[in-house]
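Here are some notes to read alongside the model.

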Amino acid sequence: MTGIITYKEFDEVDIRVGTIISAEENLKLNNPSIILKIDFGKKIGIKKSSAQLTKNYKPQELINKQIAAVVNFESKQIGNIISEVLVLGFPDTSNEPILIEPNKMIPNGGKLF
């Protein structure tokens, strides 16, 4: 277990749902990743993320998938792209990410509460 945080601290993490509209493999990195373009709705817009998902996902099967991501992190340079959001997942038995997905369609930009 990690340190205890307050509800106010948790509320500062802006976790939203978005729909993946494009996914391309990026083999130019030491750890291959998939570059995602994710639509978070009109207010937030389309954001880019680089995620190491190649062990469990092919780019084409990610298109139109809804996922959860932190949208208020600072942008981060990852290899040759700027990652604007952090997609969220849980580790499988090999410690590889499995994306968090809602089990029903949610309007893009919906905030986790």
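Is Glu101 buried, partly exposed or exposed? With a relative accessibility of 39%, Glu101 counts as partly exposed, where buried means under 20% relative accessible area, exposed over 50% and partly exposed in between (1.4 Å probe, protein chains only).

1. Before going further, a word on the source. This is a predicted model, in which local features need pLDDT of at least 70 and side-chain atom pairs count only at pLDDT 80 or more, while totals for chains, interfaces and linings use all residues. Residues are numbered from 1 along each chain as its sequence is written, and side-chain values use heavy atoms, with hydrogens and water left out.

2. Glu101 has a partner. Its salt bridge is with Lys65, and the closest N and O atoms are 3.3 Å apart; the term stands for a side-chain nitrogen of Lys or Arg within 4 Å of a carboxyl oxygen of Asp or Glu. Helices (H or I, at least four residues) and strands (E, at least two) are DSSP runs, numbered from the N terminus. Lys65 counts as buried, because its relative accessibility is 18%.

3. The whole structure holds five salt bridges. One of them joins Lys111 to Asp11, at 4.0 Å from N to O. This pair also ties distant parts of the chain, with Lys111 in the segment after S9 and Asp11 in helix H1, 100 residues apart. Lys111 is partly exposed at 34%, and Asp11 is partly exposed at 41%. Through shared partners, salt bridges join Asp11, Asp14, Arg16 and Lys111 into one network.

4. Another salt bridge pairs Glu12 with Lys8, with 3.3 Å between the closest N and O atoms. Glu12 is partly exposed at 48% relative accessibility, whereas Lys8 is exposed at 59%.

5. Now to the aromatic residues. The structure has one aromatic pair. The ring centres of Tyr7 and Phe10 are 6.1 Å apart and the planes are at 50°, so the pair is tilted. For reference, rings of Phe, Tyr and Trp (its six-membered ring) pair if their centres lie within 6.5 Å; planes under 30 degrees apart count as stacked, over 60 as edge-to-face and the rest as tilted. Both residues lie in helix H1, three residues apart, which is about one turn of the helix. Tyr7 is exposed at 58%, and Phe10 is partly exposed at 32%.

6. Thr6 sits in the segment before helix H1 (7-11). Thr6 is partly exposed, with a relative accessible area of 45%. From its C-alpha atom to that of Thr19, 13 residues away along the chain, the separation is 30 Å.

7. Last, the largest pocket. A pocket is, on a 1 Å grid over the protein atoms alone, an open set of points where a 1.4 Å probe fits, with protein on both sides within 12 Å along at least five of seven lines; lining residues have an atom within 4 Å of a point. Its volume is about 370 Å³, meaning the space filled by probe spheres set on the points. It is lined by 21 residues, and those closest to its centre are Ser50, Ala51, Ile78, Ser83 and Leu86. Strand S3 gives the most to this lining, with three residues.
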